[in-house]
Amino acid sequence: MDESLRELYQDVILDHSRHPRHFGPLAGATHKGEGYNPLCGDRVTIYLLLDADKRIADIKFEGKGCAISQASASLMTDMLIGRTSDEAQTLMGGFLHLVKGEVDAGELGPDDRETLEVMAGVSAFPMRVKCATLAWHTMKSALEGGETAKNS
Ligand code: ZN
């Protein structure tokens, strides 16, 4: 593994990919999205439970693919619990800036920026950017209409 790759696969990323947080199906999910990255073969399904205030009461994911895609999904779910859907969109916007190697991270607060910056190394690997953003795009599509049929 060369130096730049070693840098990309930081401990945080390896840890998330080996021990993903919030992995598995989510009983009672109100929203669901499925994503696929054909360039790498990564698949991810995002389950959301939104409360009446459009706050993410719970979020889980399932999927398989490369370490970057799964670590990104794990990191994302960790961050999004308790956030409103608007805040989730803001975080995603900032994340997209970071993984494209842009200095301007939009409206990201300093703590969120620090958390997300572990993924910023992918900006040097264009093929990997889609791996890193897959979970976020899937989360967005789940928020924007991926409503699951309600059991009554
Ligand atoms: Zn991948």
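Phe-23 is partly exposed, with a relative accessible area of 40%, where buried means under 20% relative accessible area, exposed over 50% and partly exposed in between, for a 1.4 Å probe and protein chains only. The model is a predicted one, in which local features need pLDDT of at least 70 and side-chain atom pairs count only at pLDDT 80 or more, while totals for chains, interfaces and linings use all residues. Residues are numbered from 1 along each chain as its sequence is written, and side-chain values use heavy atoms, with hydrogens and water left out.

Confidence is given as pLDDT, the predictor's confidence in each residue on a scale from 0 to 100. The mean pLDDT of the protein chain is 91, and 92% of its residues reach 70 or more. Among the elements of the chain, the lowest mean pLDDT, 65, belongs to helix α1 (residues 3-8), and the highest, 98, to β3; helices (H or I, at least four residues) and strands (E, at least two) are DSSP runs, numbered from the N terminus.

Phe-23 has its place in the loop between α2 (11-18) and β1. Leaving aside residues up to four places away in sequence, Phe-23 touches Lys-60, Phe-61, Glu-62, Gly-63 and Gln-70, contact meaning heavy atoms within 4.5 Å. From Met-92, which is 69 residues apart from it along the chain, Phe-23 is separated by 20 Å between C-alpha atoms.

The sheet comes next. Three strands make an open sheet in the order β1-β2-β3, with antiparallel pairing, two strands being counted as paired if DSSP finds at least two bridges between them. Its edge strands are β1 (31-37) and β3 (56-64), each of which pairs on one side only. On average, and with direction ignored, neighbouring strands of this sheet are turned by 15° against each other; axes here are lines fitted to C-alpha atoms, for helices over the stretch in contact, and angles run from 0 to 180 degrees between N-to-C directions.

Strand β2 (residues 42-50) runs antiparallel to β3 and is joined to it by eight bridges. Thr-45 has Glu-62 in β3 as its bridge partner, and Leu-49 has Asp-58. Helix α3 (residues 67-80) packs on the sheet, where it touches β2 and β3, and its direction makes about 175° with that of β3. Between β2 and β3, which form a hairpin, lie five residues, and Lys-54 in the turn has a positive phi of about 60°.

Helix α4 (residues 85-99) has 15 residues and reaches 21 Å from its first C-alpha to its last, close to the 21 Å expected at 1.5 Å a residue, the expected span being 1.5 Å times one less than the number of residues. Its buried residues are Ser-85, Ala-88, Leu-91, Met-92, Gly-94, Phe-95, Leu-96, Leu-98 and Val-99. Their cover includes β3, α3, α5 (110-116) and α6 (126-143). After α4 comes Gly-101, whose phi is positive, near 80°.

In the segment after α6 lies Glu-147, which touches Thr-30 and His-31 when residues up to four places away in sequence are not counted. Glu-147 and Leu-48 are 99 residues apart in sequence and 9.2 Å apart in space, C-alpha to C-alpha.

The cysteines remain. Cys-40 is partly exposed, with a relative accessible area of 33%, whereas Cys-131 is buried, at 0%. The count of disulfides comes to zero, a disulfide being a pair of cysteine sulfur atoms within 2.5 Å.
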